Amino acid sequence: MLFNTASFFLFLAVVLALFYASPRALRKYILLVASYFFYGCWNYKFIPLLLALTAIDYTAGRWLEKVPPGPRRKMVLILSLCANLGFLGFFKFYNFLGSNLAWVMDKPADAFFLNIVLPLGISFHTFQSMSYVIDVYRGQQQVVRNPIDYAVFICFFPQLVAGPIVRAHTFFHDLFNWQPPSAEDVSRGVLLLTLGLTKKMAFADQFAKVANEYFKNVSGNPGMLTAWSGVVAFGMQIYFDFSGYTDMAIGMAKLLGFHFPVNFRRPYLASSITDFWRRWHISLSSWLRDYLYIPLGGNRHGRWMTYRNLMITMLLGGLWHGASWNFVIWGGYHGALLSGERVLRGDRQIRKDWTWLYPLQAIVTFALVTIGWVFFRAADLPQSLAVLNQMFRGAEGHLLLANWHFELIGIALLLALAEEKLDWFERLLKAPMLAYASALALMLFCIEVFGVIDVKIPFVYFQF
Amino acid sequence: MRKGMAIAPSPTLPKTPVRKRRPITLTLLVACLLVFGLDALLFRTGLYTSYLEPESSAGLLELILWREKTAQEKAGDNLVVTLGNSRMGFSPKAVDLRPRQTGYTVRNAVVAGSDPRAWYYLLRDLDPTARRYRAIVFGIDDYDDEDHAFNPDDDIRTLHYCIARLRLTDAIDFARSFHSRAFRWEAFRGAVLKGIPLQSDWQAFLAHPLKRIAYVQLCHRGWPEWTYNYEETTRSMAGLQIDWSTFTATYPPGMTDEQKATVHNSLLEPVVPQTGRLDHFLSIWMGRIADRYRGSRTKIIFFRLPRGPIVRPDNLAKKRSSSIRDLASRPNVILANEHFFDSLEHPELFKDALHLNRAGVELFSTMLADEVARILGPSGVPGGPAGK
């Protein structure tokens, strides 16, 4: 049940109707049932796994409450983390490790192969659940005693399969102090839902058609322009796809009275790679910062340790996305860029105001990020190298993007710049009804004339 | 931390400030109306549809409609129009070049790839009063109904041909005329929101808007003349032989793959079980056309087109109905002699298994014009050449 299908909107309408028609005490049960139904629509066989993960971390939380600080308490945390990472590792990394082990042992590549189906959203809900246990261990989060509350936290359908990764304190604050959404929340929710749908159907899927066509047959599409346009198309696809999904998730949560943090802040306007990671998949980068980079020492132990910590964080962040050397390289590439920026910048802070250098910085950052997408999207390392070879050493080639694709990029760029400087989204929420309705209408019209309607292209991050 | 949703809000939390509520249902309704308004402004007013890509299905039909509407203004009272698909190889120029004129002006509103459903919507706007023409001449494959593998009800191309002609009031009726649920939905959605079927046209327009506008203007200046002067290829199917006992064709040297494909796909097409779906389709759409002209001075004349360079044996399929013959019982519907064009069914007069070549078109056009004149009788008023 993809977010951009009629069946999902029907599901959402039914959930909203039941949610608000029910007494308050019943509402979390409705959310729970709806969320498991939503997950089961994809593959009901993994519901026991979701239940098991929920039970483990719920129990770990309760256990931590009873165990005083000391080695035993640490052991409980380690047990919980091992269970979470064990599930994640088995489902996500077993075959990757197996194939590498087979290579080391000079055995056939499929010597240790198991036909494993990756449970939908496992990377997201595992990280979300782990953050709860770590926060409880650190004393930053009170223990949740009702298993239903905890189960709703893990399986809440708007963000179950692709985030944003919501911290326990944010979610439980909304759950325990639930208030009906205000008029502004409803306006914001509807606008975000429509905006997300537009990003997905009219933008991401149009660029996906170009990127998929290119990466399906890289050797048959030689040329520098061809390679750059194929990779830029993917860069556009992944941004509009993932931020569209997130907008919809946040919008739906708003309609249900929950307030999720922003996950994207116009990342392609970033003036540096550091700035990019403050704008891209913010819930993951802040998770990695809080639960990996800072515990590793962050920037507190000198330059070289900072570079090391950045590299480790980004390598693991890359690996979180998928079990392949491509993701490791992608993470390492960003780790190296972040470290390189630190070397160049020294102790100076990133300037937040725009200077005359800004356009150049933004273009260079975009180009560097785009080069990184090659590893993210290519099927394997040889294909990544073939694409990079064409991007930098290929013959002229031809553009895969039509003029109207560039017009779409132009519109998106103007809107992003306007949002950055004029905050149009917030203004629109306070605007008169006709202006707000016109904005919704324009988005829907955009879906009508640009939306990929009859071909269902899955969200990119559903595979993680 | 308190549990459950039934518990009152924490005293530390500020209450949600009371704001003036935006009537969200009304807002969504207004947004939907605005979308329909935008769609209508662009795709129902001619603002955009006059600039459709001339080589697209919709653009082609629009150009033909525009050309024939323009011709109506210039032509006299004895105006006849031919309708059909690409197999109806009628050339007004071939008729005009004859030394002896019949007094009728025979125009050509044939749309390649179209079907009776598309002809109905085309005619509705081509002849809104249902009185402009002395006759409407249809070229059809057969007077008896033979079902083929393809279900004519589910030819979604019709949506694309007729998209600019469909009205909001057609949405349900048009959608219901498709058989499968998926096509019904696609047709309904397209008839309501025309931007969806016109997506690729619109995107191509945005890619090069000035180029498109210039090309459409060029077509408006030259298209009537180009189509009038268009001459079919002289290529023929001479030498083609078919062994019907084994359903195999022997091709002469030099025959192209395209020509062979038409033989394979039409002449050698396997017979499918006869379910009566063509009868159903023709009865509905030809019936509707005939209904529009009930009591009108306009005659509806059917011709069976030359069947092919070689004729399939008639006994291959057991044809169970004849919707066209059934229509002939109506007062203003006339069936021309079924065998009128039998003399053209020779490989030398066809460019492939379906379409006449230049010599075939010339013979076909003059024969058709003469027979129409004979059927309609003396014109009374002198008719001019069909013109450009």
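## Helix packing in chain A

Helix 9 of chain A and helix 14 of chain A are roughly perpendicular to each other, because the angle between them falls in the range of 65 to 115 degrees. The angle at which these two helices pack is about 85 degrees, and their axes lie 9 Å apart. From helix 9 of chain A, the residues in the contact are A:Val231, A:Val232, A:Phe234, A:Gly235 and A:Ile238, and helix 14 of chain A contributes A:Val369, A:Thr370, A:Trp373, A:Val374 and A:Arg377. By class, 7 of these contact residues are nonpolar, 2 are polar and 1 is charged.

Among the elements of chain A, helix 9 (residues 224-255) has the highest mean pLDDT, at 95, whereas helix 4 (residues 71-104) has the lowest, at 88.

## Helix packing in chain B

Helix 4 of chain B takes part through B:Pro116, B:Arg117, B:Trp119, B:Tyr120 and B:Leu123, while B:Leu282, B:Trp285, B:Met286, B:Arg288 and B:Ile289 belong to the side of helix 11 of chain B. This contact has 8 nonpolar and 2 charged residues, and no polar ones.

## Overall form of chain B

Chain B contains 13 helices and 7 strands. Its C-alpha trace spans about 100 × 55 × 45 Å along the principal axes. Of the 388 residues in chain B, 37% are buried. When contacts in chain B between residues at least 6 apart in sequence are considered, 82% of them join residues at least 24 apart.

Helix 6 (residues 147-155) of chain A is largely enclosed by the rest of the structure, because 7 of its 9 residues are buried. These buried residues are A:Asp149, A:Tyr150, A:Ala151, A:Val152, A:Phe153, A:Ile154 and A:Cys155. The elements of chain A that cover them include helix 2 (24-43), helix 3, helix 5 (122-138) and helix 7 (168-176).

Two residues in the covering helices can be examined individually. A:Ala168 is found in helix 7 of chain A and is buried, with 24 other C-beta atoms within 10 Å. Beyond four places in sequence, A:Ala168 touches A:Ser131, A:Tyr132, A:Asp135, A:Gln141 and A:Phe153. Between A:Ala168 and A:Met433, which are 265 residues apart in sequence, the C-alpha to C-alpha distance is 35 Å. A:Ile47 belongs to helix 3 (residues 47-66) of chain A and is partly exposed, having 16 other C-beta atoms within 10 Å. The C-alpha atoms of A:Ile47 and A:Cys155 are separated by 9.9 Å, although the two residues are 108 residues apart along the chain. Once neighbours within four places in sequence are left aside, A:Ile47 is in contact with A:Tyr36, A:Tyr39 and A:Gly40.

## Positive phi angles in chain A

A:Arg266 is not a glycine, yet it has a positive phi of about 45 degrees. This residue lies in the loop between helix 9 and helix 10 (273-279) of chain A, and counts as partly exposed, with 17 C-beta neighbours inside 10 Å.

A:His281 is also a residue other than glycine with a positive phi, here of about 40 degrees. Its place is in the loop between helix 10 and helix 11 (282-293) of chain A. A:His281 is buried, with 22 other C-beta atoms within 10 Å.

## Confidence of the prediction

Chain A averages a pLDDT of 91, and 99% of its residues score at least 70. For chain B the mean pLDDT is 88, with 92% of the residues reaching 70 or more. Among the elements of chain B, the lowest mean pLDDT, 89, is that of helix 3 (residues 92-96), and the highest, 96, is that of helix 4. The predictor gives the complex an ipTM of 0.82 and a pTM of 0.85.

Over residues 1-19 of chain B, pLDDT stays under 50, and the model has 30 contacts beyond four places in sequence for this segment. Where pLDDT is low, the predicted coordinates should not be read in detail.

How values were computed
Residues numbered from 1 in each chain as written. Chains lettered and ligands numbered in written order. Predicted model: local features only at pLDDT ≥ 70, side-chain atom pairs only at ≥ 80, totals over all residues. pLDDT = per-residue confidence, 0-100. Helix = DSSP H or I, 4+ residues; strand = E, 2+ residues; numbered from the N terminus. Buried ≥ 20, exposed ≤ 12 C-beta atoms within 10 Å, placed from the backbone. Contact = placed C-beta atoms within 7 Å. Axes fitted to C-alpha atoms, helices over the stretch in contact; angles between N-to-C directions. Parallel < 35°, antiparallel > 145°, perpendicular 65-115°, else oblique. Nonpolar A, V, L, I, M, F, W, Y, C, P; charged D, E, K, R; others polar.
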